[in-house]
Amino acid sequence: MTTLFRRKAVAVAFAALALTLAGGGIAVAQPAAKAPAEVTAPSARQPGDGAQPAVTPAEARKAKAALAQGPSTQATAPGTISFAVVSSGGTLLRGSPEVVSATRYGPGQYQVLFTYNVTLKGYQATIGTTDPYNVPPGGEISVAPRLQTPNAVFVQTRNSSGSPSDRPFHLAITN
């Protein structure tokens with residue numbers, strides 16, 4: 001009698017396995033036909049997608065010269081703040097003594113240059129007017145270290161729909 005139950009148990013197990021394989025099969029992950037564009041070609045980024053413009057040799061010389069000036073010792077003390085107010089056209093309107101210049105590269109792309117290394121500092125930026133009586137235009141702003149330039153910050157502004165757009169801004173670097 002026990003032999004009969006063992007044979008039935010084995011037969012039932014094989015039947016369940018056969019039905020599982022025949023009915024549902026085994027799911028196997030198939031590789032995607034095409035890899036995402038970001039993976040295959042990271043250099044093929046579109047304008048306005050957050051990519052920074054390349055640093056020209058003239059900009060590199062200007063950044064080195066500004067770094068050679070060096071800031072005052074009080075300017076980079078912990079807890080101090082350096083700031084810049086930049087127009088939508090990329091003109092530096094006012095700022096702390098450590099700010100050298102502002103440059104506009106294209107729609108919504110700016111660089112702010114300082115006399116000291118700002119790579120390990122805190123960056124805060126906001127879209128702000130340069131006129132004390134007006135409300136700033138709506139939009140978005142992003143701040144990042146400038147590629148290959150330790151004493152510069154890259155700022156990108158966008159309109160409310162997310163398209164690159166020139167906006168005036170206020171930038172603060174916390175030391």
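**Strand pairing**

Guide: In this predicted model, S82 has I173 in β8 as its bridge partner.
Visitor: How many bridges join β1 to β8?
Guide: Strand β1, residues 81–86, is joined to β8, residues 169–174, by 6 bridges, and the two run antiparallel.
Visitor: Which residue in β8 does V85 stand opposite?
Guide: V85 faces H170 there.
Visitor: And what of β1 and β2, parallel or antiparallel?
Guide: They run antiparallel, with 3 bridges joining β1 to β2, residues 92–95. The bridge partner of A84 in β2 is G95.
Visitor: How many residues lie between the strands in that hairpin?
Guide: There are 5 residues between β1 and β2, and in this hairpin G90 takes a positive phi near 90°.
Visitor: Changing topic, what is the strand order of the sheet?
Guide: The order is β2-β1-β8-β5, in an open sheet of 4 strands with antiparallel pairing.
Visitor: Why is one side of β2 and of β5 left without a neighbour in the sheet?
Guide: Both β2 and β5, the latter at 122–127, stand at the edges and have a single partner strand each, so one side of each lacks a neighbour in the sheet.
Visitor: By how much are neighbouring strands turned against each other?
Guide: On average, neighbouring strands of this sheet are turned by 15° against each other, direction ignored.
Visitor: What holds strands of a sheet together in general?
Guide: Strands of a sheet pair through backbone hydrogen bonds, either parallel or antiparallel.

Methods: Residues are numbered from 1 along each chain as its sequence is written. This is a predicted model: local features need pLDDT of at least 70, side-chain atom pairs count only at pLDDT 80 or more; totals for chains, interfaces and linings use all residues. Side-chain values use heavy atoms; hydrogens and water are left out. Two strands pair if DSSP finds at least two bridges between them. Axes are lines fitted to C-alpha atoms, for helices over the stretch in contact, and angles run from 0 to 180 degrees between N-to-C directions.
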